[in-house]
Amino acid sequence: MIYQLSHTTSYNYQSGVTFCHNIATLKPKHMLGQTLVEYNLEISPKPTEISDKLDFFGNTVTRFSIQKYHKKLKVTAHSKIIRDSSLVPDIYDNFDGQRITLNQAVIALKQINPELLDIKQFVLESILIAKITPEIKAYAEVSFKPNRSIFEAAYELMQRIYNEFEFNTKVTNVATPIHDVIKEKKGVCQDFAQIAIACVRSVGLPARYVSGYIETLPPPGKVKLIGTDASHAWFSVYIPNFGWVDFDPTNNQIPKNQHIVVSYGRDYYDVPPLKGVIYSTGKNKMKVAVDIRPAL
Amino acid sequence: MPIGSNTLFQNYFSDFKNYDEVLKSNMSINPNWEKLLSNLTQMGTDNLLAKQNEINWLMDENGVTYNVYNDPKGMQRSWNLNIVPFLIHQKEWETVKKGITQRAELLDLILKDIYGKRELIKNGIIPQEVIFAHRGFLRQCDQIQYKTAKNLLIHSADLARGPDGRMWVVNDRTQAPSGMGYALENRYSLSRVLPNVFQDINVKQPSKFFYEFNQMLIEAAPQNKNNPNIVILTPGPLNETYFEHAYMASFLGYPLVTGNDLVVRNGKLWMKTLKELKQVDVVLRRVDDVFMDPLELREDSYLGVAGLLDVIREQKVAIINPIGSGVLENSGLIPFMNAICNYFLKEDLILPQIASWWCGQEKECDYVLNHLNDLVVKRIDRSNRENIFFCEFLDAKAIETLKKEILATPYKFVAQEKISFSTAPDFIEGALEPRKVMCRTFAIARNDTYSVMPGGLVRVAAERENLFVSNQRGGVSKDFWIVTDDPQTNIQNYSWDSTCRISISDINDLPSNTAENLYWSGRYLGRALVTARYLRMVLNRMNQGQYNNRKSESKSLVFLYQSITNITSTFPGFVGEGSEDILRNPLKEIISLMMDEKRSGSFAQTMSSFNNSYYSLRSLWSKDMWRVFDGIKKLWRKFKEDDDYSIAELIKLLDRIITRLIAFMGLIEESILVNQGLLLYFIGLQTEQATMTVAKCRSLIVFNYEENLQYDILESLLTSHESLNIYRYSYRSHLSLDNVINLILLDKEYGKSLSYQIKRIQKDINRLPHSETTLNFSTCQKYIAEANNKIESLSITSLLQVNDDGTLRENLDEALASLSKLLHKTSLAISDTYFNHSYQQKQLVNQNFPLA
């Protein structure tokens with residue numbers, strides 16, 4: 001699949017901003033199965049300074065500052081992406097990977113080798129996924145059992161979240177703690193991903209947060225409207241002797257060609273698409289529009 | 001010296017078995033202490049008591065404070081220094097010094113490795129979790145390169161003597177260690193009050209260390225090496241060690257700034273000054289890691305500078321210590337330190353540490369869980385007392401909870417052996433008592449090694465058999481001597497004396513936050529003085545009124561009461577709704593206007609606002625000023641305690657406060673240079689006084705009264721204005737309205753006339769830095785010029801004109817109203833042009849994460 005993608009975030013500032021510093025994590029990854037053909041970041045007003053660097057997790061972050069008075073900020077990431085998930089090793093082709101049990105995985109993770117080091121940090125608590133409660137662990141242990149395949153367990157966990165949690169954009173925001181989400185069983189993709197990560201970590205396995213997009217299809221017979229897609233998030237579990245396997249609990253599926261990966265982190269905190277510090281006195285209004293469509 | 005017969009030691013023995021610094025187990029005295037003890041004995045108990053009082057007094061007078069958050073006794077506690085120093089002989093110190101140097105070198109190598117290649121983890125020397133699960137490991141700081149040879153530029157360690165008689169390392173402080181300034185002030189105070197105690201003892205002096213400290217700051221500059229701009233970043237006056245931040249700023253001669261004074265633009269760090277932005281090369285910070293950059297670190301921080309981390313990455317500024325060094329304040333490293341030492345330096349640790357078990361390892365964790373009652377448990381990344389569990393004192397339920405916590409995230413916990421550290425003599429109520437001590441040492445990077453301060457800061461446990469040593473709980477400190485057999489040069493006088501130090505060379509470079517505080521100090525002081533004098537005048541009139549039943553007298557009193565409400569803007573008060581009741585008991589309202597800190601416009605509130613801006617300017621004020629100011633605060637406290645609010649007592653209090661306020665204002669003028677910011681203070685002071693003069697005149701002389709009443713009112717106005725004598729001298733006549741207006745408003749020579757004050761404000765505003773690009777007058781210049789033209793154009797005949805019904809002098813009222821407006825506009829324009837804090841820092845997305 002070839003996609004044309006645009007992601008626009010605009011802010012309207014009630015009383016204007018004299019000065020701002022921002023960080024954008026918007027550049028889709030260029031990796032096996034996902035080729036970034038074109039990318040540009042359009043910012044208005046034009047930033048005084050702008051620079052790209054890789055962060056700790058290997059994501060591209062763009063820092064920019066605007067030093068003149070402005071009442072509106074508009075950031076648009078345009079990209080063209082070729083997605084071919086057939087290039088990525090498939091867990092269904094890997095018998096050992098599918099079978100490895102929780103007990104075996106935990107032992108395998110005890111080795112000290114440089115490759116595992118980067119992976120093992122995803123077992124530890126992170127800023128938004130901290131103080132994992134017995135409640136979360138109990139939820140995880142319904143699926144994760146010492147002698148059961150962790151792939152099976154993770155798949156089931158994804159299904160349970162999909163079935164037992166209500167997708168609801170009204171009840172949570174980026175700051176809602178996982179402990180509230182597990183009680184209310186309501187939220188959005190980001191909450192579901194973080195709940196799943198907390199569960200996986202509670203049994204001692206590495207899990208990471210994936211930030212990206214998903215292509216949504218219009219109802220049959222309808223024309224797709226521009227800007228109706230959304231930024232998306234899901235989770236990824238490390239299966240020893242195989243590698244990372246992604247799961248999308250919001251859509252109950254293993255991501256394939258409809259998912260586009262932007263960044264990996266321990267949780268949302270590591271990879272917010274756009275954040276910043278502004279100098280202003282009034283309130284502001286934010287609007288986000290994402291559009292993904294097959295390129296012509 | 002026989003111990004038994006020495007009265008100083010009568011209380012020294014107890015059942016509390018411990019290693020003591022002075023008394024050996026066979027009851028003989030450690031020879032290193034002999035001279036000191038004999039000096040103390042010779043001075044005699046009474047003398048020592050007097051000296052301890054004098055030290056307490058000196059600390060108090062010099063305003064040496066340590067703020068304790070949530071302290072019911074008030075924010076600023078006096079720093080406690082015990083007159084008995086702690087000492088170590090040079091011979092032993094040499095080993096300790098080597099050990100400290102080795103440890104600093106080692107921590108520097110660890111710091112570079114953690115944020116660099118991470119070989120220690122890759123090679124299995126330290127477990128990954130000890131670093132990656134430590135909240136001080138800031139991924140944002142990964143792979144940052146620094147130009148300095150050492151990355152860890154200041155290292156501070158807490159040492160205590162273990163049961164084996166050696167000095168042990170208890171804690172490392174690597175972010176923004178405090179104590180250096182207190183150590184310096186301790187030495188200075190002790191040598192000033194007790195020169196005798198040093199007699200025949202050679203004590204090493206820290207002068208060279210502080211010289212090197214300054215060199216280290218200068219050499220850290222990544223650019224502008226010849227003339228780097230160095231600042232000291234403080235979280236602000238509420239911080240527990242703010243005294244020390246101001247002290248160091250003053251001592252080293254660098255501006256003390258808060259996050260708000262700094263800004264990141266064009267990839268560099270700048271200080272906002274009155275004139276322009278000035279590039280900063282080096283920041284000596286007293287703000288913790290995570291608060292340093294709200295863009296990349298804690299979003300809710302107002303103590304740092306947004307965008308700072310990227311300036312550091314680009315090597316355009318040096319932060320001392322580097323952001324991220326908090327990961328070294330890590331008890332999880334302790335069990336691995338010897339292995340790390342062997343890995344990097346091929347040698348063992350010189351200074352022993354407390355036996356520790358990291359629970360992230362299964363065997364160790366089992367051991368800890370099975371021996372919990374004998375251990376002290378800590379989180380690897382929290383060393384404050386609330387997060388240290390002394391398990392022997394926990395009940396069964398607390399132990400269970402702790403066990404569960406350890407099992408949930410074992411890698412976050414470390415358990416340590418219980419250790420009883422040594423005691424040293426402390427002078428308490430006329431005798432010596434053994435107290436636990438903890439020594440804080442300081443090392444700074446010099447070329448390829450570290451330079452260690454001879455001595456440091458010694459803190460003493462608050463109670464006799466206390467396990468804890470901490471200042472946060474209001475402990476006591478000691479001077480820390482390294483004694484040698486060689487003669488030492490004389491103690492230098494490290495007097496903290498800001499009068500001889502010009503930390504800011506030019507008014508153009510004055511940080512705008514400091515400028516703003518100076519301006520408001522002037523305004524609050526002006527308001528306090530005018531309000532106090534006015535209230536005193538009214539109280540005096542009330543006093544006379546008690547013996548005098550003239551009708552005009554009581555009528556004029558009512559006008560005076562009402563004028564108080566007008567001048568202080570404390571409506572409704574004597575004029576609004578319910579004023580009849582208040583007028584029946586005017587004293588109650590006056591007491592509230594004096595004493596009620598919560599009431600906007602009250603004298604108490606003005607004083608407390610002044611207190612805030614005064615405290616923020618700590619590094620500029622002299623000791624004399626502190627003393628006078630403290631005197632006012634003590635008067636106030638005592639008055640409240642005595643609880644006698646009679647008219648006579650209120651007048652007496654105001655008399656005393658007014659005298660001190662005037663002394664204080666005199667001291668300001670001689671302590672700070674005009675270019676250092678006094679100009680801003682003057683503009684504030686004059687603006688406030690001019691505004692108050694206008695308010696007084698508007699409420700007293702625009703109405704037309706009958707003759708007797710008029711006379712009373714004019715006399716009151718002149719009295720409150722301290723102008724009665726001058727009036728008599730100038731006019732030698734009965735009080736008349738036209739003469740009073742001429743003197744108070746229009747006189748060009750008289751320093752207290754409005755005309756003179758406005759002229760003075762105009763002159764001072766013209767001296768402020770003005771941007772070269774604006775050819776025209778700045779806004780504040782425009783408004784003050786307008787005010788000056790207005791007052792020059794006034795004619796006494798027109799001002800005296802009464803309107804048709806004979807009640808009001810409309811022209812006078814109109815003139816005063818427009819002057820009041822122009823003064824207000826001038827003040828706003830000054831704020832807009834020079835203080836530029838009107839825009840608040842905010843997050844683009846309010847994330848409000850639970851980061852604690």
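Tyr269(A) is placed in the loop that joins E12 and E13 of chain A, where helices (H or I, at least four residues) and strands (E, at least two) are DSSP runs numbered from the N terminus. The model is predicted: local features need pLDDT of at least 70, side-chain atom pairs count only at pLDDT 80 or more, and totals for chains, interfaces and linings use all residues. Residues are numbered from 1 along each chain as its sequence is written, while chains are lettered from A and ligands numbered from 1 in the order in which they are written.

Tyr269(A) counts as buried because it has 20 C-beta neighbours inside 10 Å. By definition, a residue is buried if 20 or more other C-beta atoms lie within 10 Å of its own, exposed if 12 or fewer, and partly exposed in between, with C-beta atoms placed from the backbone.

Two strands pair with E9(A), pairing being assigned if DSSP finds at least two bridges between two strands. With strand E10 (residues 230-239) of chain A, E9(A) pairs in the antiparallel sense over eight bridges. The pairing with strand E12 (residues 259-265) of chain A is also antiparallel and has six bridges.

The loop between helix H7 (189-202) and E9 of chain A holds Gly204(A). Gly204(A) is exposed, because 12 other C-beta atoms lie within 10 Å. Residues up to four places away in sequence aside, Gly204(A) touches Val106(A) and Val123(A), contact requiring that the C-beta atoms of two residues, placed from the backbone, lie within 7 Å. A separation of 9.2 Å is found between the C-alpha atoms of Gly204(A) and Leu109(A), which are 95 residues apart along the chain.

The packing can next be followed through the nonpolar cores. A nonpolar core is a set of buried Ala, Val, Leu, Ile, Met, Phe, Trp, Tyr and Cys residues joined through C-beta atoms within 7 Å. The largest has 226 residues, of which Ala196(A), Val200(A), Phe235(A), Val237(A) and Ile320(B) touch the most other members. Helix H3 (residues 90-114) of chain B provides the largest share of this core, 10 residues. Beyond neighbours within four places in sequence, Ala196(A) has contacts that include Leu157(A), Ala207(A), Phe235(A) and Phe247(A).

Chain A is divided into domain 1 (2-83 + 272-294) and domain 2 (90-270), with bounds that come from an automatic or database domain assignment. The C-alpha centres of these two domains lie 25 Å apart. Their contact takes 20 residues from domain 1 of chain A and 17 residues from domain 2 of chain A. On the domain 1 side, E14(A) supplies the largest share, five residues.

A further interface joins the chains: 33 residues of chain A are in contact with 31 residues of chain B. On the side of chain A that touches chain B, E13(A) gives the most, with seven residues. That side has 18 nonpolar, 10 polar and five charged residues; Ala, Val, Leu, Ile, Met, Phe, Trp, Tyr, Cys and Pro count as nonpolar, Asp, Glu, Lys and Arg as charged, and the others, Gly among them, as polar.

Chain A as a whole has seven helices and 14 strands. Its radius of gyration is 20 Å, close to the 19 Å that the globule rule gives for 296 residues, so chain A is as compact as a globular protein of that length. The radius is taken over C-alpha atoms, and the rule is 2.2 Å times the number of residues to the power 0.38. Buried residues make up 43% of the 296 residues in chain A.
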